[in-house]
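I am opening a notebook on a structure that is new to me, and I want to write down what I look up in it.

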Amino acid sequence: MEASNQSTVTEFILLGLSAHPKLEKTFFVLILSMYLVILLGNGILILVTILDSHLRTPMYFFLGNLSFLDICYTTSSVPLVLDGFLTPRKTISFSGCAVQMFLSFAMGATECVLLGMMAFDRYVAICNPLRYSVIMSKAACVPMAISSWVAGGANSLVQISLAVQLPFCGDNVINHFICEILAVLKLACADISINVISMGVANVIFLGVPVLFIFVSYIFILTTILKIPSAKGRKKAFSTCSAHLTVVIIFYGTILFMYGKPKSKDPLGADKQDLTDKLISLFYGLLTPMLNPIIYSLRNKDVKAAVKDLVSQKCLTQ
């Protein structure tokens, strides 16, 4: 075995947009702007759900968790991406890479579970409104939210523990903006079958099961709404879950677009697609967190009213 293959990798080089330096400044400004919108929008949503007494309900409790989750998810990767655009040599230590993968993986899995729990909240509110306050009590909501965070963290711990135990003894160049786990696994100089199987099982649990649960929940929700005699009543009932449904469609629709499109067999086309895949992956991590507060603000009168009250109070104190 050659000497280069015997050395242990202590850091990784993130390729990012190194092959397209002219694009780096443009994307730096664009991504920084999106990140600031994410921090501002989700930060305001968290504030109004805490400060406004009218929003202290299970629906807004889960929404506050979702906003905090989106801030954590983007913060786990965006600063690294922005630093990479400004730094000629884009490196990250092995331990830093492991931490970044853990946080991103944990936040993604947690969001899948949380969206499923939010669907259950809407199901109970529309299909069983008389028992809503009993079923979705604080004693039930808090453990539900905690369990989603614990489940996401536990899954990430398993996946990253398996990944860091692999030997990395050759190429240390990650063809990505961040330490994306699939890109990292490609660099391992050992069999990754266990990692692939483990991630496959995790995808079924954290992607497949929540999607199925959300789908079944909305079948019951739509069936109940259609039974409401008045058009006004149907519109009011649907408006309470339209924001969540929109977020779910964007979240899972982007995932399906990312992983469901065919791969190019032409070498030149593959290079272009490789750049496209990296950019889609990057903006996927920004698009949903940026749109969530906008969607909930535009489609929810209570949130709009709470935001207006918060802004007016801020203006009065100045």
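The entries below go from the record to charged side chains and then to aromatic rings.

I note at the outset that this is a predicted model, in which local features need pLDDT of at least 70 and side-chain atom pairs count only at pLDDT 80 or more, while totals for chains, interfaces and linings use all residues. Residues are numbered from 1 along each chain as its sequence is written, and side-chain values use heavy atoms, with hydrogens and water left out.

Entry one, the record. I looked up the unreviewed UniProt entry, whose "transmembrane region" annotation includes residues 27-48 and 102-120; such annotations may be inferred rather than shown by experiment. In the model, residues 102-120 are 100% helix and 0% strand, with end C-alpha atoms 27 Å apart.

Entry two, charges. I found one salt bridge in the structure (a side-chain nitrogen of Lys or Arg within 4 Å of a carboxyl oxygen of Asp or Glu). It joins D121 and R122, whose closest N and O atoms are 2.9 Å apart. I looked up D121 in helix α5, residues 94-127 (helices are DSSP runs of H or I, at least four residues, numbered from the N terminus). D121 counts as buried because its relative accessibility is 2% (buried means under 20% relative accessible area, exposed over 50%, partly exposed in between, with a 1.4 Å probe and protein chains only).

I counted 10 aromatic pairs in the whole structure (ring centres of Phe, Tyr or the six-membered ring of Trp within 6.5 Å; planes under 30 degrees apart are stacked, over 60 edge-to-face, the rest tilted). F120 and F213 form a tilted pair, 6.3 Å centre to centre with 35 degrees between the planes.

Terms used. Helices (H or I, at least four residues) and strands (E, at least two) are DSSP runs, numbered from the N terminus.
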